[in-house]
Amino acid sequence: MIKAVFFDLDGTLLNTIPDIHACINASLEKFGYPTIDEAHTQAYVGDGAKLLVERALPAHCPDLEAVFADFHARFAADSSERTHLYPDELTVLCALKARGFRLAVITNKPQDAADAVLKKFFPAGTFDFVGGDTGMFPCKPDPSLARYAALRLHLSPAECAFVGDGEPDARVAQNAGMYGISVLWGYRTRGQLEGAGATVFADSFLALQKILEKLC
């Protein structure tokens with residue numbers, strides 16, 4: 001029986017690519033490097049902010065740490081004015097909570113940036129646990145943070161579903177021993193997700209609700 005739902009953030013709970021794109025290009029421009037287009041930004045996200053910056057820069061860039069620090073500070077302070085929710089999302093999250101599901105966020109986004117954007121778009125108390133990149137745990141697909149969240153909620157990994165739009169999400173579900181659900185409204189194709197081992201898919205929040213309600 002599934003008692004908790006762990007969500008990825010970027011591409012799953014929020015479409016944040018336009019703001020990430022604006023911030024990474026501002027940092028690249030500041031240090032004199034070529035900017036990237038939105039398609040490349042979308043391709044580079046999912047494995048943590050440090051790898052996003054590294055992928056956006058030329059190979060063996062000596063300014064990696066400085067550009068990363070600038071991007072981290074810039075993104076944490078960003079107003080998220082270009083970010084938006086997905087259709088039916090808040091209705092479904094409220095329905096899941098009413099059914100007794102515990103809700104959590106497990107993201108490779110820096111913790112301060114995750115806290116800020118979640119506070120802006122979701123009512124207080126929506127999520128029972130928010131875990132971002134603090135340096136305490138390796139980034140997804142390492143299962144450590146997901147397992148720690150289950151421990152904090154007094155649940156076993158088998159009682160948790162992991163919902164995400166990326167390859168790291170599909171793999172962290174497998175690595176953590178959780179029920180994996182890959183969503184198709186995010187930043188990866190079904191083929192890419194299948195290549196990461198995904199077998200259960202939802203193409204909308206309403207479809208996701210139906211899957212989860214059969215598991216509780």
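The lining of the largest cavity comprises 9 nonpolar, 5 polar and 9 charged residues. Here Ala, Val, Leu, Ile, Met, Phe, Trp, Tyr, Cys and Pro count as nonpolar, Asp, Glu, Lys and Arg as charged, and the others, Gly among them, as polar. The structure is a predicted model, in which local features require pLDDT of at least 70, side-chain atom pairs count only at pLDDT 80 or more, and totals for chains, interfaces and linings use all residues. Residues are numbered from 1 along each chain as its sequence is written, and side-chain values use heavy atoms, with hydrogens and water left out.

Across the whole structure, 2 cavities of 30 Å³ or more are found (a cavity is a set of points on a 1 Å grid over the protein atoms alone where a 1.4 Å probe fits but cannot get out; lining residues have an atom within 4 Å of a point). The largest cavity holds about 270 Å³ of space (the space filled by probe spheres set on the points, which are joined across faces, edges and corners). Its lining is made up of 23 residues, and D10, V45, G46, D47 and G48 are those nearest the centre. Two or more lining residues are contributed by each of α3 (49-56), α4 (64-76), β2 (102-110) and α8 (167-176) (DSSP runs numbered from the N terminus: helices H or I, at least four residues; strands E, at least two). Strand β2 provides the largest share of this lining, 4 residues.

The second largest cavity holds about 50 Å³ of space. Residues I106, T107, N108, G132, D133, F137, P138, C139, K140, D142 and L145 form its lining. By class, the lining of the second largest cavity consists of 5 nonpolar, 3 polar and 3 charged residues.

The whole structure also contains 6 aromatic pairs (rings of Phe, Tyr and Trp, the last by its six-membered ring, with centres within 6.5 Å; planes under 30 degrees apart are stacked, over 60 edge-to-face and the rest tilted). One of these is the stacked pair of F71 and F75, with 5.6 Å from centre to centre and 5° between the planes. Both residues belong to helix α4, where they are 4 residues apart, or about one turn of the helix. F71 is buried, at a relative accessible area of 2%, and F75 is also buried, at 11% (buried, under 20% relative accessible area; exposed, over 50%; partly exposed, in between; 1.4 Å probe, protein chains only).

The ring centres of F129 and Y148 are 6.0 Å apart with the planes at 70°, so this pair is edge-to-face. Because F129 lies in strand β3 and Y148 in helix α7 (residues 144-152), the pair ties together parts that are 19 residues apart in sequence. F129 is buried, with 9% relative accessibility, whereas Y148 is partly exposed at 29%. Elsewhere, ring pairs join Y86, W185 and F205 in a cluster.

Charged side chains also lie over aromatic faces (NZ of Lys or CZ of Arg within 6 Å of the ring centre and within 35 degrees of the ring normal). K50 is placed over the face of F68, 5.3 Å from the ring centre, and R190 over that of F201, 4.1 Å from the ring centre.

In helix α5 (residues 89-98), the residues E89, V92, L93 and L96 are buried. Viewed down the axis of α5, the buried residues fall within an arc of 100°, and they therefore line one face of the helix (the arc of the directions from the helix axis to the C-beta atoms). The other side of α5 carries T91, C94 and A98, which are exposed.

Technical notes:
1 Å grid on protein atoms, 1.4 Å probe; cavity = no way out; pocket = protein on both sides within 12 Å on 5 of 7 lines; lining within 4 Å.
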